[in-house]
Amino acid sequence: MYSIFIDIMRSFCLFIIVITGLFHISLAQLPVPGMRIYDASKGFPAYKSYIINQDSTGFIWIGTDQGAVFFDGQQFEIVDEKSGLTDKEILQAIPSQGRKVILSPLLNNWACYKDGHLLPDSLLELKQIKNQKTNMCISDGENLWLGDLINNKRLLYRLNSKGIEKVEITLDQAFTPVQFFGDTLLMQIETGEETQLAYYFFSNGNSKKFTGISKKSEWNIVKLSNDRKRLIVYSQNNQQLDLLELKGNHLTLKYSYKLDKLVKQIVVDKNNQLWLTFIGNGLHFWGNINALDSSSNPLELLPESTINHVFTDRDENIWLSTESRGIYFISASHWKNYLLNSSMNIPLDKIPSSIERIPGIGIFVYYTEKNTFGLLQNGRYADLNPNNLSFNNITDLYLGNEDLYAFTTGKLLHLKYNPDHTVDFKASIIPFVVKDLYKNSSLYIATHNGLYLNRKDKTGQLDILYPDRTTSVSGLDDFIFIGTPNGLYLSVNDSLPKLVNDSILGRSHITALQPIDENHLLIGTSIKGLHLFEKEQKRFCSLLFEEAAITATIRKIEKADHQCFWLATDMGVYKVQHNDFNDLHHKHYDYSEGLPSDDVTDLAIYNDTVYVLTSSGLAILPPKYQGLKNTSEKVFIYKVRAGDDYFYSPGKLELLYRQNDLQLSLKSFPYQLTKSPVYHYFLQGYHKRWYITNTPEINLNNLPPGEYQLQVASDNGKQLSNYTLLPLTIHPVFWQRIWFKVSAAILLLTMLILIIYQILRRSHLKTIRKLENKRKLAQLELEAIKAHINPHFVYNCLNSIQYLTKQGQLDKADLYINSFSVLLRQTMHLSRQTFVDVATEKDYLENYLKMEKMRFKDKLNYIIDIPVKLYQRTIPAMMLQPFVENAIKHGIVPLEKEGYLKITFSETPDFALKITIEDNGPGWDPEQVNNTSSLGLRLGGGRADTYNQLFEMGIRINIENKTTLADDKSGTSVELLIPLKHENYSYNYR
C-alpha cells in the first residue's frame with residue numbers, strides 16, 4: 001500500500017510539474033498587450049531580420065537574409081538581387097544624407113540605394129572599402145564611419161555630404177571603435193590579454209587611455225550612454241554586466257549585475273534606455289541608464305523569442321527584429337501602458353474579468369482564470385485573501401451605496417474589505433444569472449429571467465417586479481428604470497413597470513443605466529447611442545456627439561465629476577465633457593491610444609485615474625491623460641509615375657506634354673494605427689472640389705498643359721495631417737505654347753480681316769449698285785408721278801372751265817383760262833424741278849386756289865400763312881398741291897355751308913418745316929385712302945415715299961380727323977414734317 005501511495009504521489013507531483021511547466025511556457029509566450037507581429041502572413045518578405053533603422057522621411061529600414069526591407073506602416077518593399085545586389089543578406093541599412101541608404105551586406109562590398117535603384121560603387125567610391133572580415137558602420141550624427149578589419153588592421157572611412165574620405169589611425173595595436181563624436185573616437189585597444197579603453201583624437205593623431213579602471217579582461221561588448229556619462233560593458237566569461245561612470249577619461253565602477261544568459265547585443269536607444277538581447281531567447285529592458293542602481297532589475301520580455309535588435313523610432317514606437325519570426329512592433333502608447341502596469345505590480349499573465357472602485361479604498365479587480373481578487377491601492381497592486389468562502393466564476397462587481405457586490409452563478413456576494421488585505425463575504429443564494437444591481441432603501445436585482453426586489457423590511461425575500469429578461473437597473477429616488485433587450489421600462493414607487501413613451505428607447509436594447517445627479521440619469525444602448533432622462537421635466541433626449549458613438553454598444557457609464565463622465569463601449573472608451581449636458585465635447589480612446597483592444601468590457605475611475613478593462617488586458621489612463629500625441633506630419637509623396645518615367649520624393653515637377661498621365665504613391669507612416677488612413681487631395685487649377693481615396697495611390701489622367709498645385713493630406717480617423725504641396729507644371733508642345741498661339745491667332749485674325757474686308761467690299765459695291773438701281777427706279781417713279789399729276793390737274797381745270805361755260809359765265813371762264821395758262825406754265829416749270837423755295841411754292845398754290853375760288857365762289861375761303869423768314873427754304877416741288885386738291889374735293893365740296901382752308905408754314909425744334917393743311921369739312925374717313933376719289937392724296941403720299949427712298953429725307957405725313965379730337969371741331973388736318981437735311985441736296989431732274 002505504501003509503495004502504491006508513493007507511486008501515486010510521484011505521478012501527482014510529475015503531473016503538477018508538467019502543468020506548472022506548461023503554465024510557465026504559456027506565461028513566457030505572452031506578448032506585450034497591443035504588440036503586433038509582421039511576418040509572412042502580413043507581407044514581411046524575409047525569414048531572419050537584423051539591424052533596424054529609420055530614415056528622415058519615416059521609412060523603417062531592416063536588414064534581412066533576403067535583402068534590405070523598408071516599411072511605411074502599410075506595405076513592405078525590398079531591395080534584393082533583382083535590384084542589383086550581389087549579396088542579398090544585408091546586416092543593416094543605414095540612412096545617410098541626400099536620401100541615400102548605405103547597405104551593409106554579410107559577404108560582399110558596400111552598396112548604396114537611392115530613389116528606387118542602387119547607385120554605382122564608383123559614385124561614392126565605396127569600392128575602396130574591401131570586405132575581408134566584417135563591415136562596421138557607426139553614425140555620429142553628421143558622418144557615417146565605415147570600416148573593416150584587413151590583416152588585423154582597422155581601416156576607417158568617413159562618409160558625409162562631401163563624399164567619402166579615408167581616415168588613417170596611427171596606432172600599432174589592434175583596436176575596435178566604440179563610438180564617434182565630433183573629432184574624437186572612443187575605442188577598445190587590445191594588448192595581449194588586456195582590453196583598455198582610450199580616446200583617439202583625429203586632429204593630432206594622439207590617444208589618451210582611461211584611468212581608474214585601466215585594465216579589464218575580455219570586455220566583449222562596450223556601449224556609451226547618449227550623454228557620455230556612463231559606460232555599459234559586458235564580459236562573456238563571467239556573464240557580468242558592469243555599469244561604469246565616466247568623467248573625462250576616468251572610469252569608476254558603479255554597479256555590477258550577474259546575468260544567467262549570454263548577451264548578444266547591448267542597445268542604448270535614443271532615450272538613453274538600456275536593452276539586452278541574448279544569444280538564446282528573451283529580451284531585457286533595464287530603463288534609463290542614469291536611473292540604474294544596485295537594486296535595479298530588468299523587465300524580462302518574450303522569453304521564447306530570439307531577438308536580434310531593438311530600435312526606438314522617432315515616435316517612441318519599439319521595433320524588434322527576430323531570428324525567425326519576422327518583426328515585432330510595440331506602439332509607444334502600448335509600451336507606456338505596459339510599463340505602467342509593470343510598475344504597479346499588476347499581474348501581466350492574466351486578464352481581469354471585472355473591476356470596480358471602492359470609495360476611499362481603491363480599485364477592486366477580479367481574475368476569473370486565477371479566481372482571485374486584487375486591490376489597486378496607492379499605485380500598487382496586491383492580492384486579497386477571502387475569508388471562509390469558496391467561490392468561482394464571478395461575472396461582475398457592483399458598487400451600491402458604498403457596498404460592494406459580486407455576481408456568481410447562483411450567488412450574490414456582499415463583500416467587505418478589511419484593513420489587513422482580507423475580504424469578508426456574505427453570500428445569498430440567487431437561482432438566476434445576475435446582470436445588474438441597484439440599491440437604495442431596497443435592493444433591485446436584474447437577472448436573465450426578470451427583475452427582483454429585495455425590500456428592506458423583507459430581508460431575504462424576493463418579489464418579482466418585472467417578469468422578463470432584464471439587462472440593467474437603476475433609479476432616481478422613487479423612479480426605477482429597467483433596461484431590457486426590447487426597450488426601457490419605468491416603475492414609480494415599485495408600481496407595475498410600463499414601457500417609456502420614447503420612439504427610440506421604447507424599442508432599443510438598453511445596456512447601461514447610470515444616475516449622474518438627483519435629476520439626471522444616463523441611458524446607454526446598443527447601436528442607438530446615449531440618452532438622458534431629466535426628472536424635473538420628465539423627458540428623454542438623445543446626446544449625440546459622434547457618429548461612431550451612435551453605432552457602439554455602451555457597456556458601462558462611469559461618472560468622473562459633475563461635468564465629466566466616461567463610456568465603456570465595444571469601440572473603445574469615450575470621455576465626455578459637458579456644461580449641464582449642453583455643449584458636449586468628447587475624446588475617443590481606442591487601440592491606437594494604448595488600449596489592448598477596442599473591445600472595452602468595464603472601467604473604473606479612482607483619484608482621476610481611469611482603469612479600462614478590455615478583452616485583451618487592462619489599460620491605465622493617468623490623470624489629465626491627453627491621448628495620442630497630435631502629430632503634424634505631412635503626407636510624403638514617395639514616387640510619381642509620369643508616363644513611362646519615375647520621379648522619387650519630388651519637391652517640384654516639370655513635365656513634358658506627353659507625361660500628363662500621373663500616378664502618385666503616397667506614404668503617411670501610420671505605425672501606431674491598425675486602420676489604413678484615407679487621403680484627401682485637390683489639384684488646384686484643375687479640380688473644383690476635394691477628393692477622397694482609401695488607397696495610397698492617386699491617378700491624374702490626361703492633364704492639359706498648365707501650372708498646378710497638388711494638395712494632399714491624410715486622415716487617420718482622429719486628425720487631419722498638415723497639407724503636402726507639390727507644384728506641378730506640364731509644358732505644352734510647341735503648338736500649345738503661347739507664342740505659337742499668339743502668332744497663329746494674329747495670322748488667322750489677319751486672314752479673317754482680309755476675308756471680311758473683301759466680303760464687306762463686295763457687299764458695299766453690291767449695295768451701291770442696288771442703291772443706284774433703286775435711285776434710278778425712284779427717279780422713274782417720280783417722273784411717272786409728275787407725268788400723272790399733270791394730266792390729273794389739267795383734267796380738273798378743264799372740268800372747271802366746262803362748268804363756267806355751262807353756267808354762262810364767259811367772263812369768268814375767260815379769266816379762268818388765263819389763270820389756267822399761267823398755272824400750266826408754272827406746272828410745266830415745277831415738274832422739271834426736284835426742290836423749290838417756299839416762295840415759289842406759295843405763288844403756285846395761290847394761283848391754284850384762285851382758280852378754285854373762281855369755281856366754288858364763296859363756298860371756298862382760304863388762308864396761306866407763311867413767315868417771311870421761311871421764303872428762302874426749299875421743299876420738294878409740287879409736294880403740297882395734291883393734298884390741297886384733296887382737301888377741297890373731300891373737305892369743302894361736300895359742305896352745304898361756307899368752307900375754310902388754311903395752309904400754315906412754321907418751324908419746329910426737331911424739324912425744319914412743319915406744313916399744316918386744314919379744312920372744316922366733314923372729316924377724314926380712313927377708307928378714303930383706298931378709294932379712287934382720293935387719287936390726289938395717294939399721289940402726294942407716294943411722292944413723299946419716293947423722296948424718302950431717293951434722298952433718305954424722312955418726310956412724315958400725319959392725317960388727323962379733328963372731329964375725333966373734340967366735339968366742337970370738324971374737318972381734316974394734314975401735317976407734313978420735312979427734315980432740315982434735304983436742304984443739302986441740289987439734285988434736279990431735267
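Modeller: Let's start with Ala174, which lies in strand S14, residues 174–181. Strands here are DSSP runs of E with at least two residues, and helices are runs of H or I with at least four, both numbered from the N terminus. Before going further, please note that this is a predicted model, where local features need pLDDT of at least 70, side-chain atom pairs count only at pLDDT 80 or more, and totals for chains, interfaces and linings use all residues. Residues are numbered from 1 along each chain as its sequence is written, and side-chain values use heavy atoms, with hydrogens and water left out.

Is Ala174 buried or exposed? Its relative accessible area is 19%, so Ala174 counts as buried (under 20% is buried, over 50% exposed, and partly exposed lies in between, using a 1.4 Å probe and protein chains only). Along the chain, Ala174 and Glu190 are 16 residues apart, yet 5.7 Å separates their C-alpha atoms.

Now for a contrast: Trp735 has 46% relative accessibility and therefore counts as partly exposed. Trp735 sits in the loop between strand S64 (724–730) and helix H5 (738–806).

Next, let's see how strands come together. Strands of a sheet pair through backbone hydrogen bonds, either parallel or antiparallel. In this model, two strands count as paired if DSSP finds at least two bridges between them. (Axes are lines fitted to C-alpha atoms, for helices over the stretch in contact, and angles between N-to-C directions run from 0 to 180 degrees.) S1 and strand S28 (residues 327–330) run antiparallel and are joined by three bridges. Arg36 has Phe329 as its bridge partner in S28.

There is also an open sheet of eight strands, with mixed pairing and the order S29-S30-S31-S32-S36-S35-S34-S33. Its edges are strand S29 (354–358) and strand S33 (396–400); each has a single partner strand, so one side of each lacks a neighbour in the sheet. From one strand to the next, the twist averages 30 degrees. Five bridges link S29 with strand S30 (residues 362–367), and these two run antiparallel. The bridge partner of Ser354 in S30 is Tyr366.
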